[in-house]
There are 2 protein chains.
Amino acid sequence: MEPRRAYEQAVQIMQTASDLAAAAALLGWDQETYMPPRAADARAEQLATLSALVHSTLTSNDARELAYYFESADSLDGELDDTEKRIAKLFAREVQRAAKLPDEFVRRKARTTSLAQEAWKRARAESSFELFSDHLRRVVDVMIEEATIRGYTEHPYDALLDIYEPGATVRQLDPIFDRLERATADLLDAVARSGIEPSDDVLHAHYPASAQVTAARRIVEAMGFDFAAGRVDLSAHPFCTSFSVSDVRLTTRINEHDIRACLFGLIHEAGHGLYEQGISPRLERTLARDGASMGIHESQSLFWENIVARSEEFWYWALPVLREYFPEQLGKTTPDQMYAAINRVRPSLIRIEADEITYNLHIVLRYRIEKDLIAERIKVEDIPMMWNEAVKSSLGIEVPDDAHGCLQDIHWSFGGLGYFPSYTLGKLYAAMFRTALLDQMPEAPSLVRRGEFGPIRQWLRAAIHQWGRTFEPAELVHRVTGRSLTEEDFVAYAWSKVRRIYGDV
Amino acid sequence: MEPRRAYEQAVQIMQTASDLAAAAALLGWDQETYMPPRAADARAEQLATLSALVHSTLTSNDARELAYYFESADSLDGELDDTEKRIAKLFAREVQRAAKLPDEFVRRKARTTSLAQEAWKRARAESSFELFSDHLRRVVDVMIEEATIRGYTEHPYDALLDIYEPGATVRQLDPIFDRLERATADLLDAVARSGIEPSDDVLHAHYPASAQVTAARRIVEAMGFDFAAGRVDLSAHPFCTSFSVSDVRLTTRINEHDIRACLFGLIHEAGHGLYEQGISPRLERTLARDGASMGIHESQSLFWENIVARSEEFWYWALPVLREYFPEQLGKTTPDQMYAAINRVRPSLIRIEADEITYNLHIVLRYRIEKDLIAERIKVEDIPMMWNEAVKSSLGIEVPDDAHGCLQDIHWSFGGLGYFPSYTLGKLYAAMFRTALLDQMPEAPSLVRRGEFGPIRQWLRAAIHQWGRTFEPAELVHRVTGRSLTEEDFVAYAWSKVRRIYGDV
């Protein structure tokens with residue numbers, strides 16, 4: 001086979017898979033935004049059909065032969081340019097990953113997790129782990145099987161981490177998460193010692209819904225989100241999805257008594273959206289039109305949500321903007337009061353309500369439980385006790401019931417073991433990218449203070465967005481920061497916030 | 001092969017094709033409602049991929065073998081029930097139709113019509129037939145080729161009619177359309193003789209946009225459109241589409257100085273929507289979850305738009321409802337004034353603005369031109385002269401330019417030759433269904449007067465909707481009315497309206 005011809009054939013296969021995946025993504029978007037209630041069953045069938053077709057497109061004989069060719073050929077040099085070579089290798093990797101999972105297994109997993117999701121909903125509503133445990137046991141068994149099928153060198157959990165964060169391993173994450181946990185404990189001690197409790201009353205004034213959406217849209221437009229190539233709608237849970245680099249959809253939700261839900265929700269999703277809009281158009285309709293990993297994707301949403309929009313500089317610009325919509329609610333608030341209100345540190349039971357610093361403790365405890373479940377060191381019935389003990393020891397809170405404990409998240413019910421670490425990896429990457437940005441663009445904070453986000457967005461695009469999925473996360477992070485994954489930048493960043501709000505404790 | 005097993009295999013193929021078609025329909029809906037502007041190119045690629053996959057699903061070797069089996073088997077009796085037999089035969093017919101069109105031809109037609117659509121837009125904007133004629137010639141050539149590929153017995157145009165109205169032929173339509181044309185001329189004479197010109201000023205008061213949508217939604221909800229299995233959005237051109245019997249989408253448009261655009265637009269689309277919602281759930285994910293034909297589908301939209309909502313009885317109920325939203329605009333209008341305003345007969349140049357009676361003249365002239373083009377009796381360059389002469393002789397108006405003449409419709413540019421007759425067939429079918437309804441439910445007008453639409457909707461569902469595409473149009477019409485297609489019912493209905501408004505002329 002001739003490399004150029006092989007590459008073109010692979011591109012055709014990827015175009016079909018990519019168009020099917022885009023259609024599936026639109027079905028998913030519509031389901032969360034506009035779909036009428038009675039349509040759910042038919043929609044599930046449609047999504048199942050499209051998923052099966054994506055899988056069969058990537059595992060056809062032609063696709064497998066091309067994958068084998070790209071894996072084994074040393075001869076791509078000179079025939080394909082660097083980007084094409086990376087796309088070809090990505091194609092080969094994805095085809096081989098897809099080919100490993102037998103159809104029978106994919107169907108069985110879909111059935112098991114579909115039933116488990118229904119059971120989880122009931123179990124959470126009734127706060128009864130009993131109602132969920134048999135289903136979760138089956139999910140864990142399926143995921144252990146999946147780890148075996150996917151293969152690993154050291155730890156079976158590595159096979160699941162690899163789905164979301166290619167290259168991540170237990171050996172790498174264990175020491176980072178341990179150090180992060182200890183550093184967080186020190187931070188919490190400092191906060192407690194300070195005796196300071198910033199007021200966040202301003203966040204809970206009455207903010208009418210439509211003005212919230214208008215104001216939040218204006219802020220993400222200033223960030224550079226392109227509304228000619230994207231849009232904003234409402235959904236119960238905010239998300240970002242895309243169907244091409246020119247069609248990126250964000251959603252947000254509204255709480256009239258908490259300005260954070262809509263505003264930070266939309267800024268977070270717009271961080272994902274800027275990533276999707278910033279991918280090189282050259283990667284359109286290939287497997288590389290995607291983020292480098294879940295963790296890298298999350299680093300972009302968290303960069304904008306936390307590092308930019310939870311900085312004090314941001315509020316010198318944003319408060320006057322928001323006051324146009326909420327003159328009474330925000331008339332007397334100063335940037336430093338806002339900064340303190342939105343960065344207040346306080347241990348809490350629910351992950352998605354946690355502040356930037358205690359959040360990681362929620363992830364570390366889930367990571368340890370998942371790892372031990374997959375290694376068969378603990379049993380499903382041990383989870384509530386382990387969970388409650390971990391929350392008590394790391395956050396200092398008693399878990400009143402499982403709905404506020406180990407039943408709070410949907411992830412395990414859909415088989416998403418290996419997914420949670422992405423959230424903390426996103427925080428660590430974002431802090432590393434912040435260091436690199438401040439190094440190369442020391443004026444960044446003053447730009448934020450003036451609402452001039454263009455140079456920062458351009459920097460992120462050049463460093464991260466444009467490459468899509470052509471680099472693995474470790475390689476990308478090394479290119480941008482010159483270093484490997486570390487918790488140090490996040491910890492230093494967290495200390496600077498804590499000292500600013502709670503004093504030099 | 002065993003009939004039951006063959007049927008189940010065919011169902012699986014239809015489920016895949018149907019899910020892909022539903023996804024394509026959602027992509028199309030989104031394109032007209034919410035898609036951001038820059039997404040158009042990627043969306044076109046996605047739609048092309050899904051269409052190609054629907055085609056390849058229906059023309060796979062398995063599908064062809066099953067089609068051959070169903071066509072040739074006499075042995076389905078006793079093994080499959082009536083509905084299953086009809087679905088199997090429909091499957092066979094559609095597979096064989098799809099298999100006739102070579103991939104090369106489908107791609108060439110798509111390319112030709114895609115270019116022609118762009119050229120048509122420019123040509124209409126500049127009112128220059130010159131800019132369109134070369135493209136239209138290529139489209140006509142492609143459609144002549146398609147007629148040959150599809151095959152016909154008497155007239156090549158029959159092959160194109162059959163796409164939209166299975167079984168319809170030139171031999172059948174010629175005399176009906178001739179008689180309809182003469183009857184319409186008599187009606188127009190009577191209107192002119194009367195010297196009466198009803199005022200339609202009330203239609204052109206200022207009607208604020210959001211109240212129009214709220215009021216129109218309330219009216220189609222009263223008709224029985226199920227908002228738990230459907231929704232309403234806005235688009236430049238109103239349409240109805242569906243992704244399952246439980247997911248039917250309507251759109252409408254708003255003109256703040258013409259109450260008709262939104263209201264009659266939505267009632268029309270809801271007529272289509274009630275058809276889609278009324279199809280038996282048994283037909284879900286088969287080729288039979290569809291209307292019997294374009295003409296039958298149009299009969300349902302026109303039944304509600306014209307026969308129900310342009311009746312005098314309707315306005316005894318609807319005026320008080322609309323006055324809740326528009327007390328000043330409609331405060332002094334009586335039902336008979338409204339009836340006259342919305343039924344005023346006046347020849348006009350633009351088809352989509354025509355009244356119920358002159359509308360058919362627009363169709364008849366297009367039908368004759370299409371027929372002669374496909375039979376190669378006239379040339380593309382003859383169209384403007386033929387068109388202008390036909391408008392002059394049948395409508396009595398001079399065509400000032402091609403934008404208001406033969407360039408006004410998009411249909412030819414997308415290769416839709418054979419489509420226009422559906423509109424008039426819809427009117428004729430609707431009038432025939434009206435006769436049958438009045439025969440079986442003489443109280444129907446008094447139900448309409450009270451806004452009690454349930455029994456009428458149930459009658460339409462039982463007679464027409466539930467069957468989906470399991471009957472061909474002629475068979476369905478015969479079951480419901482006991483007769484074959486005729487213009488007589490429409491002509492009688494038109495005379496009764498004309499006499500009511502213009503007196504006994």
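## The nonpolar core

A nonpolar core is a set of buried Ala, Val, Leu, Ile, Met, Phe, Trp, Tyr and Cys residues joined through C-beta atoms within 7 Å. In this predicted model, the largest such core has 303 residues, and the members that touch the most others are Ala23(A), Phe91(A), Ala23(B) and Phe91(B). Domain 1 (3–100) and domain 2 (201–348 + 432–470) of chain A each supply at least three residues to this core.

Leaving aside residues up to four places away in sequence, Phe91(B) touches Ala10(B), Met14(B), Ala67(B), Phe70(B) and Leu287(B).

## The domains of chain A

Chain A is divided into domain 1 (3–100) and domain 2 (201–348 + 432–470). Their C-alpha centres are 30 Å apart. Where the two domains of chain A meet, domain 1 gives 18 residues and domain 2 gives 16 residues.

On the domain 1 side, helix 1 (3–33) and helix 4 (82–100) of chain A are the elements that contribute two or more residues. Helix 1 of chain A provides the largest share, 12 residues. By class, this side of domain 1 holds nine nonpolar, five polar and four charged residues.

## The contact between chains A and B

Chain A and chain B each bring 30 residues to their contact. On the chain A side, two or more residues come from each of helix 1, helix 2 (40–58), strand 1 (230–234) and strand 2 (240–244). Helix 1 of chain A again gives the largest share, here eight residues. The chain A side consists of 15 nonpolar, seven polar and eight charged residues.

Key
Residues numbered from 1 in each chain as written. Chains lettered and ligands numbered in written order. Predicted model: local features only at pLDDT ≥ 70, side-chain atom pairs only at ≥ 80, totals over all residues. Buried ≥ 20, exposed ≤ 12 C-beta atoms within 10 Å, placed from the backbone. Domains from an automatic or database assignment. Contact = placed C-beta atoms within 7 Å. Helix = DSSP H or I, 4+ residues; strand = E, 2+ residues; numbered from the N terminus. Nonpolar A, V, L, I, M, F, W, Y, C, P; charged D, E, K, R; others polar.
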